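Colleague: Could you take me through the model on screen, and tell me what stands behind each term you use?

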Amino acid sequence: MDISCAFATSSDTPSHVQTAEALGYRRAWLYDSPALYPDVWMILGRCAERTSTIGLGPGVLVPSLRHPMVNAAAIAELVDQAPDRVAVAIGSGFTGRFALGKRPMPWRQVAEYVRCLKALLAGETGEWDGAKIRMLHLPGFGAKRPIELPILIGADGPKGLAVAADLGDGVFSAVLPQPDAVKVTDWRALLCFGTVLDEGEQLTSPRVADAAGPGAVVLYHAAYERGGAAAVDALPGGRGWREAVEAYPEAERHLAIHAGHLVQANPRDEPHVAELIPAASRSAVTGTAEQISQSVTEFAGLGVTELVYQPAGSDIERELRAFAAATGISVW
């Protein structure tokens, strides 16, 4: 299994990716949520300049954020900067759209976008918004076409897996492995959150709350957006969290929910972090180094071929080093 990392894209991400490369991580995926983070392509370009071996890519791109030609041009430049190191993941949008007050895109539209993007990268003529389009870039303006790189589909259900089977080179899922993904592709990446516990450390420690809290509270965000009040109320502290969120006007509620997403618990999240982390740790990679190693083995048994760990909290370097040591790719 490949051990990779992911980042809530920040101005410090190039330095963190440089550390990840030194530690032996296979790939660094950067989030594409412009309401929360800086532009993913700008930061990926900086990462390419500071590294030489680690794989790089956006995970996941949300089609509605950019015209396909914009992403094609960005991919061409990144491939030119980091040849043979680029992969791209594309999905229907979770936070990238929810933070803008929108629901995920229909998978039919995602498929149309991927088809157009692949045609452009192949040097062919595509069609978008009723117009014929083609990459007209001359030498020196990005990688020469055809541009060949893997495109993964950010799929967490049957519709996404169907698009992956039709158009993708792999599946990029979050938290829970997709059992049917083994029927679709040989490349099955799984995004995970959590922290490696120090010797004798408890789940209730302030450091654990700082590092694991941002990933844990996403349970609230996902449950509320996808299942409504009943779903979030079933979680520890869920009702109190929901009542705090619903104190905001409905038209602005998404702003209250997603502030700090996967970076730090926001003021609605903070009162409930301690009681949520034990529940969240069951589906996270939070535990001792031995427990993390066991989790990796279990994920491999479920068909995961690339485990993608997102460090969080105030000491990203510590999280990267501890997880690398726990998974055996580096010595801490």
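Colleague: What makes up the lining of the largest cavity?

Modeller: Val171, Ser173, Pro177, Gln178, Ala181, Val182, Arg188, Ala189, Leu190, Leu302, Gly303 and Val304 line the largest cavity. Two elements give two or more residues each, β8 (170-174) and β9 (188-193), and the largest share, three residues, is from β9. Before we go on, this is a predicted model, where local features need pLDDT of at least 70 and side-chain atom pairs count only at pLDDT 80 or more, while totals for chains, interfaces and linings use all residues. Residues are numbered from 1 along each chain as its sequence is written, and side-chain values use heavy atoms, with hydrogens and water left out.

Colleague: Why is this space called a cavity and not a pocket?

Modeller: On a 1 Å grid over the protein atoms alone, a cavity is a set of points where a 1.4 Å probe fits but cannot get out, whereas a pocket is an open set with protein on both sides within 12 Å along at least five of seven lines; a lining residue has an atom within 4 Å of a point. The search of the whole structure finds one cavity of 30 Å³ or more, and about 80 Å³ of space lies in the largest cavity. A volume here is the space filled by probe spheres set on the grid points, which are joined across faces, edges and corners.

Colleague: And how large is the largest pocket, and which residues lie nearest its centre?

Modeller: The largest pocket has a volume of about 1,200 Å³. Its lining counts 49 residues, with Phe94, Thr95, Asp156, Ala174 and Arg226 nearest the centre. Helix α8 (218-233) is among the elements giving two or more residues to this lining, and α8 has the largest share, five residues.

Colleague: What is the lining of the largest pocket like by class?

Modeller: There are 26 nonpolar, 18 polar and five charged residues. Nonpolar covers Ala, Val, Leu, Ile, Met, Phe, Trp, Tyr, Cys and Pro, charged covers Asp, Glu, Lys and Arg, and the others, Gly among them, are polar. For the largest cavity, the classes come to eight nonpolar, three polar and one charged.

Colleague: Why are α2 and α3 called roughly parallel?

Modeller: Helix α2 (residues 40-50) and helix α3 (residues 68-81) pack at an angle of about 10°, with axes 9 Å apart. Angles under 35 degrees count as roughly parallel, so α2 and α3 are roughly parallel to each other. The contact (heavy atoms within 4.5 Å) is made by Trp41, Leu44, Gly45 and Ala48 of α2 with Asn71, Ala74, Ile75, Leu78 and Gln81 of α3.

Colleague: What makes the backbone worth a look at proline 146 and aspartate 84?

Modeller: Most residues other than glycine have a negative phi, and most peptide bonds are trans. The bond from arginine 145 to proline 146 is cis, with omega near 0°, and proline 146 is in the loop between β6 (131-133) and β7 (151-154). The bond from glycine 59 to valine 60 is cis too, with omega near 0°. Aspartate 84 is not a glycine, yet has a positive phi of about 65°; its place is in the loop between α3 and β4 (88-91).

Key. Helices (H or I, at least four residues) and strands (E, at least two) are DSSP runs, numbered from the N terminus. Axes are lines fitted to C-alpha atoms, for helices over the stretch in contact, and angles run from 0 to 180 degrees between N-to-C directions. Angles under 35 degrees count as roughly parallel, over 145 as roughly antiparallel, 65 to 115 as roughly perpendicular and the rest as oblique.
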